[in-house]
Amino acid sequence: MDDGTREGAGARPFWMTVPLSQMTREQWESLCDGCGRCCLHKLRDDETDEVVFTDVACRLLDTTTCLCTDYPHRQRRVQDCISLTPAMLDDIDWLPPTCGYRLIHEGKPLPWWHPLVSGRAETVHEAGVSVSGRVISERRAAALEDHIVQWPGECPPGAECVRKPGCLTRSDR
């Protein structure tokens with residue numbers, strides 16, 4: 001995949017230089033870290049408008065790999081599945097604090113575990129950011145109200161770091 005991350009020495013990666021609205025589809029899609037948190041069912045309190053997360057995943061989410069089992073057709077199969085666009089980011093209040101789209105939109109750097117930074121898709125799981133092994137499919141869940149959890153709306157310890165905790169860079173030595 002040519003996502004613009006392998007630019008010349010000293011060049012900044014595309015997500016630091018290309019505005020979200022001008023990214024190619026490939027660049028935009030690569031901002032997704034594959035954590036699966038956005039694929040969890042959320043509830044909105046009628047009185048406070050507060051969003052609460054559940055540990056119930058969309059029926060198309062593979063709860064181990066955190067990948068959609070039918071990504072190209074997901075919107076036809078799941079009525080409330082959205083196709084996120086840069087224009088929507090100002091209005092969406094349920095993206096997790098670790099979300100690459102949200103971080104770049106807010107002018108923050110991608111963390112060490114993001115696949116674009118680490119070069120490996122597995123680091124999102126290793127850092128404890130993904131939903132792998134922590135959720136159940138909506139096909140097995142009872143009432144969503146019985147599955148309310150806070151962790152999808154929180155950042156795991158160390159995951160908010162730009163660099164992997166415990167790792168020194170040359171400037172730190």
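**View 1. His147 in its loop.** His147 sits in the loop that runs between β3 (136-137) and β4 (148-149); strands (E, at least two residues) and helices (H or I, at least four) are DSSP runs, numbered from the N terminus. This is a predicted model, where local features need pLDDT of at least 70, side-chain atom pairs count only at pLDDT 80 or more, and totals for chains, interfaces and linings use all residues. Residues are numbered from 1 along each chain as its sequence is written, and side-chain values use heavy atoms, with hydrogens and water left out. With a relative accessible area of 15%, His147 is buried (buried is under 20% relative accessible area, exposed over 50%, partly exposed in between; 1.4 Å probe, protein chains only). Setting aside residues up to four places away in sequence, His147 touches Phe53, Thr54, Asp55, Val56, Ile136, Ala141 and Ala142; contact means heavy atoms within 4.5 Å.

**View 2. Asp70 and its partner Arg77.** Look for Asp70 in the loop between β2 (51-57) and α3 (74-77). Asp70 is buried too, at 14% relative accessible area. Its side chain makes a polar contact of 3.0 Å with that of Arg77 (a pair of N or O atoms within 3.5 Å; within protein, one must be able to donate a hydrogen and the other to accept it, and residues adjacent in sequence count only if both atoms are side-chain atoms). Apart from neighbours within four places in sequence, Asp70 is in contact with Leu60 and Arg77.

**View 3. The aromatic pairs.** Searching the whole structure turns up two aromatic pairs. In Phe14 and Trp15, the ring centres are 5.3 Å apart and the planes are at 90°, so this pair is edge-to-face. For the record, rings of Phe, Tyr and Trp (its six-membered ring) pair if their centres lie within 6.5 Å; planes under 30 degrees apart count as stacked, over 60 as edge-to-face and the rest as tilted. Phe14 is buried at 1% relative accessibility, and Trp15 is buried at 10%. Trp28 and Tyr101 have ring centres 4.4 Å apart and planes at 40°, so they are tilted. Trp28 belongs to helix α2 (residues 25-30) and Tyr101 to helix α4 (residues 100-105), so the pair ties together parts 73 residues apart in sequence. Both Trp28 and Tyr101 are buried.

**View 4. Charges over rings.** Lys42 has its charged end over the ring of Trp94, 4.7 Å from the centre. Arg134 lies over the face of Trp151, 3.7 Å from the ring centre. The rule here: NZ of Lys or CZ of Arg is within 6 Å of the ring centre and within 35 degrees of the ring normal.
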